[in-house]
Amino acid sequence: MRAFSHPDEALHDPQFFLTRGMVRRNFEIPARAASLRDGLAQLGITPDTPSHATAAQAARLHSRDYLAFLEHAAADWAAMPDSGPEVVANMHPTPEMVAQQGEAVRHIIARSALYSADAACPIGPGTWAASLSALGCALAGAGEAAQGRTAYALCRPPGHHAYAARAGGHCYINNSALAAQALRDAGAARVAVLDIDSHHGNGTQGMFWERADVLTISIHGDPHFYYPWHVGFAAEVGCGENLNLPLAMGSGDELWLGALDAALARIRMFRPDALVVALGFDASEHEPLASLRVTGDGFARAGAAISGLGLPAAICQEGGYAVDHLGALLARFLGAWAT
Ligand SMILES: [Zn+2]
């Protein structure tokens with residue numbers, strides 16, 4: 001199995017994070033990628049370095065104005081007197097404001113408010129280049145899948161919380177969604193995105209909400225108790241094809257793998273030509289919140305079960321923050337994939 005990573009992903013080194021009223025060090029850190037590369041090395045896989053993606057490639061699903069914001073936000077912010085080191089919005093326009101808005105906003109503070117969902121996506125000087133290098137990995141993985149093979153893309157920053165025009169939850173450009181779009185563009189009639197990160201893949205669901213050619217499935221912690229709080233419920237059904245499988249907190253391997261069986265049954269019914277796996281490891285028992293308490297054995301069984309679909313797949317890295325365990329979990333998951 002080929003794998004892709006890019007050294008420029010380390011240019012994104014976010015500092016700010018706000019949780020439960022506390023400002024903390026952001027935990028979406030470059031050391032995550034080093035751990036994941038160690039996992040690839042355990043399998044004897046040396047990742048290739050793809051080209052950066054372009055803004056035009058990101059624009060297949062993201063809006064041009066949002067991408068222009070991402071590209072220039074750090075410089076615009078730095079040019080503002082008394083600014084901090086990263087772009088962090090301290091307000092977001094309410095639905096009432098948006099409904100009554102008379103003019104397009106230009107000030108960097110106003111645009112940061114408009115184009116971000118929360119305080120978990122600070123933008124620094126290296127965020128744009130890192131995001132395009134991560135997307136380059138995802139698109140290279142999709143290129144392999146378009147040739148009938150399976151590949152792993154070590155994407156950092158992750159992407160599945162990013163909407164067409166909004167960053168959020170450590171995500172800026174939606175790598176998994178754009179991998180699915182790339183597979184469509186390469187000729188796949190139908191593509192399924194299976195998201196097993198412990199958080200709902202809300203950005204991906206949002207991007208394909210009205211499309212019947214891309215099935216989005218997400219297995220995640222119940223949003224009654226967990227980010228992204230407002231979406232990810234089982235009753236959400238778009239105009240296209242989507243399925244949410246929320247699980248009680250602390251559910252463990254058997255319930256998680258049971259939800260995976262339901263997801264795989266839906267994928268078989270959908271009859272896709274290719275698969276994108278949005279692979280997060282934050283369902284792991286080793287995570288600080290231990291939201292779903294999945295073991296290494298659980299991830300190995302998941303890898304074997306998903307590969308049993310027999311579909312070419314682009315496996316795109318999403319979350320997972322127990323840095324010391326990420327490499328071992330990746331080795332278990334990919335090692336069980338029938339190649
Ligand atoms: Zn996550």
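**Reading helix packing**

Modeller: Here helix H10 (residues 296-307) and helix H11 (residues 323-335) have axes that come within 7 Å and cross at roughly 30°, where axes are lines fitted to C-alpha atoms, for helices over the stretch in contact, and angles run from 0 to 180 degrees between N-to-C directions. Helices are DSSP runs of H or I with at least four residues, strands are runs of E with at least two, and both are numbered from the N terminus. This is a predicted model, in which local features need pLDDT of at least 70 and side-chain atom pairs count only at pLDDT 80 or more, while totals for chains, interfaces and linings use all residues. Residues are numbered from 1 along each chain as its sequence is written.

Biologist: Which residues of H10 and H11 make the contact?

Modeller: Gly-296, Phe-299, Ala-300, Ala-302 and Gly-303 of H10 make the contact with Ala-328, Leu-329, Arg-332, Phe-333, Leu-334 and Gly-335 of H11, a contact meaning that C-beta atoms, placed from the backbone, lie within 7 Å.

Biologist: At what angle do helix H1 and H11 pack?

Modeller: Two packed helices are described by the angle between their axes and the distance between the axes. For H1 (residues 31-42) and H11 the angle is about 30°, with the axes 7 Å apart. Among the residues that meet there are Leu-36 and Leu-40 in H1 and Leu-326 and Leu-330 in H11.

Biologist: How many helices and strands does the protein chain have?

Modeller: The protein chain has eleven helices and nine strands, and its C-alpha atoms fill a box of roughly 55 × 40 × 40 Å along the principal axes.

Key:
Two residues are in contact if their C-beta atoms, placed from the backbone, lie within 7 Å.
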